[in-house]
Amino acid sequence: MEEKTKKLPKSEKKQSSRKAGLGTRLLLRIVTIVVIALIVLCGGYIGFRHFTTVKTESKLALVDRQLSFCQELVTAKYRYSDIITLKKTAGFSKSYSIIKYTGLVRAGLADITDVSYSVSLDGKTITLNVPAAEVLGNEIVNQSVFDEKQSVFVPISTQEIFNEIERAKTEALEEMIAEGVLEDARTYAVRIITQFMLALGFEEVRIK
């Protein structure tokens, strides 16, 4: 038997062709929209990263500049006074010196640029590692002889007076350290640095 092939009418062929073309165009539009969306997202991400990087680098430059303004940060000064007495005797000969002096102890951060830090990506938070405070100086700012008597047989030398003052200075400093002068100095340093950073525009300052 011969098989007969049924031909579609022209109207049905056109309708089928239109459906195929419509589906192709719709698929192309979807693909185009997806591609555009990916491009926009990638561009936005790259732009955001660039913006945040520039912002962070700008913040870092400001922090470096602020810290470099005061390399030595003195946050505590303590004055103290004392009287020392030196006596020397030999037989009936006697010498003595009574000296009053005033000293000044300075404490804080020897080099503030040693403070390490990191800034969050959004530039709002800074975390700083602040080292322990140090004694930056212990000097005599005033000295006077309160009373003295010198014998040519047992004289008190200038070096002996200097040595006694140095010993008294060391003892005074040790007492201050035992009372927490370095802890107080670091506390004040943290407060000052925190204010520096807030003035630069950081919303949160973390200290380690």
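Guide: Let us begin with the pairing of strand 1 (residues 73-90) and strand 2, which run antiparallel and are joined by 17 bridges. The model is a predicted one, in which local features need pLDDT of at least 70 and side-chain atom pairs count only at pLDDT 80 or more, while totals for chains, interfaces and linings use all residues. Residues are numbered from 1 along each chain as its sequence is written, and side-chain values use heavy atoms, with hydrogens and water left out.

Visitor: What makes strand 1 and strand 2 a pair?

Guide: Two strands pair if DSSP finds at least two bridges between them, and here 17 bridges join strand 1 to strand 2. One of the residues concerned is Ile83, whose bridge partner in strand 2 is Lys100. The two strands form a hairpin with 2 residues between them, and Gly91 in the turn has a positive phi of about 65 degrees.

Visitor: How do you know that strand 2 also pairs with strand 5?

Guide: Strand 2 and strand 5 (residues 134-149) are joined in the antiparallel sense over 13 bridges. Gly103 has Ile140 of strand 5 as its bridge partner, and Tyr101 stands opposite Gln143 in strand 5. Strands of a sheet pair through backbone hydrogen bonds, either parallel or antiparallel.

Visitor: Which strands form the open sheet, and in what order?

Guide: The open sheet has 3 strands in the order 1-2-5, with antiparallel pairing. Strand 1 and strand 5 are its edge strands, since each pairs on one side only. From one strand to the next, the twist averages 15 degrees.

Visitor: How are helices and strands counted in the protein chain?

Guide: Helices (H or I, at least four residues) and strands (E, at least two) are DSSP runs, numbered from the N terminus. The protein chain has 3 helices and 6 strands, in the pattern α-β-β-β-β-β-α-α-β along the sequence.

Visitor: Why is Ser97 called buried?

Guide: Buried means under 20% relative accessible area, exposed over 50%, and partly exposed in between (1.4 Å probe, protein chains only). Ser97 has 1% relative accessibility and therefore counts as buried. Ser97 is found in strand 2. Leaving aside neighbours within four places in sequence, Ser97 is in contact (heavy atoms within 4.5 Å) with residues including Leu86, Asp147, Ile156 and Ile161.

Visitor: Why is strand 2 said to be largely enclosed by the rest of the structure?

Guide: Of the 17 residues of strand 2 (residues 93-109), 14 are buried, so the strand is largely enclosed by the rest of the structure. For the protein chain of 208 residues, 30% count as buried.

Visitor: How does the span of helix 2 compare with the expected value?

Guide: The expected span of a helix is 1.5 Å times one less than its number of residues. Helix 2 has 21 residues and reaches 31 Å from its first C-alpha to its last, close to the expected 30 Å. Helix 3 has 19 residues and reaches 27 Å, close to the expected 27 Å. Just after helix 2, Gly180 takes a positive phi of about 100 degrees, and Gly201, which follows helix 3, has a positive phi near 110 degrees.

Visitor: Where do helix 2 (residues 158-178) and helix 3 (residues 181-199) lie?

Guide: Helix 2 lies across strand 1, strand 2 and strand 5, at about 135 degrees to strand 1. Helix 3 lies across strand 1, strand 2 and strand 5 as well, at about 155 degrees to strand 1. Axes are lines fitted to C-alpha atoms, for helices over the stretch in contact, and angles run from 0 to 180 degrees between N-to-C directions. The buried residues of helix 2 include Ile161, Ile165, Ala168 and Met176, and their cover includes strand 1, strand 2, strand 5 and helix 3.

Visitor: What makes a group of residues a nonpolar core?

Guide: A nonpolar core is a set of buried Ala, Val, Leu, Ile, Met, Phe, Trp, Tyr and Cys residues joined through side-chain atoms within 4.5 Å. The largest has 15 residues, and those with the most contacts inside it are Leu109, Leu128, Ile193 and Met197. Strand 4 (125-129) and helix 3 are the elements that give two or more residues to this core, and helix 3 supplies its largest share, 4 residues. A second, separate core of 14 residues includes Leu86, Ile156, Ile165 and Ala168.
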